[in-house]
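Please read the following report with the sequence and the structure side by side.

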Amino acid sequence: MNINTTKVISLLFFIFSAFYLYTAYQIQVFAFDENAPFNARTFPIYLGYAGLFFSGLKLILPDPNTIKVQHKTLEYKKTVILIVIAIIYGATILKVGYFLTTSLFLFSSYYFLGERRWVLMFLLSFPFVAAFMYLLHGVLDIYLRDPFLQSIGVMG
Amino acid sequence: MIEGILIGLTTALTLQNILMVMLGCFFGTIIGMLPGLGPMTAIALMIPITYGFDPATGLILMAGVYYGAVFGGSTSSILLNAPGVPGTVATSFDGYPMAQQGKAGKALAIAAWSSFAGGTLSAIYLLFMAPSLSKVSLSFRSPDYFALMILGLTAIAAFSSKGQFLKAMMMVVLGLMLASVGQDSLSDITRFTFNNMNLTDGISFVLVVMATFAMSEALTIILKRNDPTSAAKQVSLTELGSIKINKEERTKMYKTIPRSSVIGFLIGVLPGAGATIASFLAYGMERNVVNDEEKEKFGKGSVNGLSAPETANNAACSGSFVPMLTLGIPGSGTTAVMLGALLGFGVQPGPRLYMTNPEIFWSIIMSMYIGMVILLILNLPLIPYIARILAVPKNYLIPLILFFSITGIYVMSFNNFDIYLMIGIAVVATFMRLYDFPMPPLILAFVLGGLMEENLRRSLLLSNGSWEFLWDRTLTLCILLTTILIVVWHFYKTIIKK
């Protein structure tokens, strides 16, 4: 069976809008605001209905420009690996520190994308991050938390 | 006025102030180019420095940073499809496709000249029209603003190609929904936070724009790596091309620049509207004004499509100074930061600023001309060097885009949650982009969400819950009728006609 993915996305958006609308009705407002012409839940309720309306229209109206994506040509593996590396980067950046995690994130990303020029990979990770860190932290005075560099006494 | 111009010139043409404009433009361009660090961040960083100067010099420096950052943002929009600020989102519609066709140098040159012309023309408008325009903007009421925002969001439908109107409207609603997360601005009641403290302050604009543009662009490039249709695009990305603009392109720009500068300036004057709406409206207007042959090129590297938003966003920058200096109401987020700095200097902006501090008012206007010239001198020769970013192989460029995006969020919040949220939004956006769900409507809606709710709140409270405010005032009714016309026209074109 051939499923139109745009319709599936529209259906998901319809369900999401219904959930949003339900949550909007659950927003607790102050008692004196309950019957006011406008309170904290008014705008979200309108948005919920607008979401249902537009996604509903997309669902029921014919789709003349059906988008067909050639899934076989898409590089899912490398994309997923890159996302996983980014998640690991996000999970470790505060605990380990900006310099080491960012350098490792860049180095591993280059590697998984197929790069094998080791010297260039190194230069565009560790020294590059050090220079960028100097720009942010040293020149622009933007605080960067780095427990690793603090533990080895490089950063105050 | 002649006296005012002379006062302004005397102040702006001191060596210190010329140096400040140059420094501001240079640093603004560099910071604006980095995705995630827009003019607001750049100006905020400058505030502590400006307190060492007199108010006029401080504001001149900040104005230089503002223009520089807007131009820098355009550069990253064109080269990386990663607009750091909402005002340059529309620039990427045609700037990025031009870069992909190997005309990155030309796209940057068109952007530089359009920015220069837009900024210079609007500075002239500002000079002559500031007093009367402040009166016009004072006549705008909440219902007019609400209707204007509806018009701005609906105008996005004009950017969508055939069959995408409903998809664009779905993205508008999604953008508004994302903007509704966090505390309600009036009652402080939390909404859609699901007891997560990280969502109490809402979702940051930089996060959403980085996720839906920079990150999702990077992921899409990787995802489509083996796609034979995108392979050609990647090869052509390494070509810079000439920065020379030929006669035909110049002719197109001559027509686009005056009308876009007018719309940019007028929208910039309206408090709260700013460069974003200006650039989107200028783009939409230009698309509707040009002939059918040129219209087909929109979204695929049109000269008009690039020149219009670039002219308008710079014109709006100058326009946004009008309500700030004459009414004390900031025209954009960036001028709001500048307003804060001005108050820090002990200067109270308002209608009396002309009389109490004429040197501040006029020197800023005069420094705008100087700033535009400096920006052009600075950026045109640097274009070949700036565009070298394109020569970076994809294996390096993709991780670097991800790195800049994540760093942009990290330095703002020092929070793992924001990074996860950004990755999550980027993954969803990448998937939706595969099926041609446009992202710009989502961004504009996200930016306008808070303002829209605020103006709807005021309108409904004033009309005691009745929706009659939409047709009570002639101005509101006119804006609303224009919106309805756009909707009906697009429904007719995309659905009924088929």
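Among the contacts in chain A of this predicted model between residues at least 6 apart in sequence, 63% join residues at least 24 apart, where two residues are in contact if their C-beta atoms, placed from the backbone, lie within 7 Å. The model is predicted, and local features need pLDDT of at least 70, side-chain atom pairs count only at pLDDT 80 or more, while totals for chains, interfaces and linings use all residues. Residues are numbered from 1 along each chain as its sequence is written, and chains are lettered from A and ligands numbered from 1 in the order in which they are written.

Chain A has 7 helices and 0 strands, helices being DSSP runs of H or I with at least four residues and strands runs of E with at least two, numbered from the N terminus. The radius of gyration of chain A, taken over C-alpha atoms, is well over the value of the globule rule (2.2 Å times the number of residues to the power 0.38), so chain A is more spread out than a compact globule.

| Property of chain A | Value |
|---|---|
| Radius of gyration | 25 Å |
| Box of the C-alpha atoms along the principal axes | roughly 60 × 55 × 25 Å |

In chain B, helix α5 (residues 89–100) packs against helix α14 (residues 303–319) at an angle of about 145°, with their axes 8 Å apart; axes are lines fitted to C-alpha atoms over the stretch in contact, and angles run from 0 to 180 degrees between N-to-C directions.
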